[in-house]
Amino acid sequence: MSTTFTAGMAFKRALYEKIRDLYADDPATQDVLVCPGTPGSFTPDEIVAVTSLEIQQDFATMGPNRSREETLTVDVVFSCLFGGDDTQELPSQERAFELLSIIERHVRMEDTTLNGTVRHCLLTSVQTDGQTPAEYLHAGRGVDMTATFTARNRVRG
């Protein structure tokens, strides 16, 4: 997609809407709360939050339009909580990876441009502590996992 400033917010919105729609279409994920930032007071056991956006631009061509090449990153936080003891530690982590795999496969294999919003998009990193955060222990076992999606775009004009 070509814009005169950046495709940053369009990329974040497109990723959020794609995750929301993919999960809504599948009975196994339709109860996952997908939000474009911090969830509100309703906190179900499975939350996917599309959070931080970073925009970096660099020179592209030096023609009269002063084109720029941009790299966009959006973090998506997968939070899964399972009631129970330490036997639920791995199942909660596996569920977070299962939720991530749905969107990763979609942007890698089916819609690499997020409906033409960017030139291409891929999952570029995943980070998790691999253990239940202290604030979750009273309710069971869970995980927070942050996946970073990176897109490239050309800015013209």
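Which residue in β4 stands opposite Glu 46? The residue is Cys 80. Before going on, please keep in mind that this is a predicted model.

Strand β3 covers residues 46-59, and strand β4 covers residues 68-82. β3 and β4 pair in the antiparallel sense, over 12 bridges.

β4 also pairs with strand β6, residues 141-155. These two run antiparallel as well, joined by 15 bridges. As an example from this pairing, Thr 71 stands opposite Arg 152 in β6. So β4 has pairings with β3 and with β6, as the definition of bridged strands requires at least two bridges.

How much of β4 is buried? The strand is mostly covered, with 12 of its 15 residues buried. In a regular strand, side chains alternate between the two faces of the sheet.

Now the helices. Two packed helices are described by the angle between their axes and the distance between the axes. Here, helix α1 spans residues 8-24 and helix α2 spans residues 89-110. Their axes come within 10 Å and cross at roughly 115°. The crossing of α1 past α2 is right-handed. On the α1 side, the contact is made by Leu 15, Lys 18, Ile 19, Leu 22 and Tyr 23. On the α2 side, the residues are Leu 99, Leu 100, Ile 102, Ile 103, His 106 and Val 107. Sorted by class, the contact has 9 nonpolar residues, 1 polar and 1 charged.

His 106 is found in helix α2. Is His 106 buried or exposed? His 106 counts as buried, because its relative accessibility is 10% and the cut-off for buried is under 20%. Leaving aside residues up to four places away in sequence, His 106 touches Lys 18, Leu 22 and Asp 111.

Last, the chain as a whole. The protein chain has 2 helices and 6 strands. From the N terminus on, the order is β-α-β-β-β-α-β-β. The C-alpha atoms fill a box of roughly 65 × 30 × 30 Å along the principal axes. There are 157 residues, of which 43% count as buried. The chain exposes about 8400 Å², and carbon and sulfur atoms supply 52% of that area. Among contacts with a separation of 6 or more, 69% are between residues 24 or more positions apart.

How values were computed:
Residues are numbered from 1 along each chain as its sequence is written. This is a predicted model: local features need pLDDT of at least 70, side-chain atom pairs count only at pLDDT 80 or more; totals for chains, interfaces and linings use all residues. Side-chain values use heavy atoms; hydrogens and water are left out. Axes are lines fitted to C-alpha atoms, for helices over the stretch in contact, and angles run from 0 to 180 degrees between N-to-C directions. Helices (H or I, at least four residues) and strands (E, at least two) are DSSP runs, numbered from the N terminus. A crossing is left-handed if the near helix is turned anticlockwise from the far one by less than a right angle, and right-handed if clockwise. Contact means heavy atoms within 4.5 Å. Ala, Val, Leu, Ile, Met, Phe, Trp, Tyr, Cys and Pro count as nonpolar, Asp, Glu, Lys and Arg as charged, and the others, Gly among them, as polar. Buried means under 20% relative accessible area, exposed over 50%, partly exposed in between (1.4 Å probe, protein chains only). Accessible areas come from the Shrake-Rupley method with a 1.4 Å probe; for residues, only the protein chains shown count as cover.
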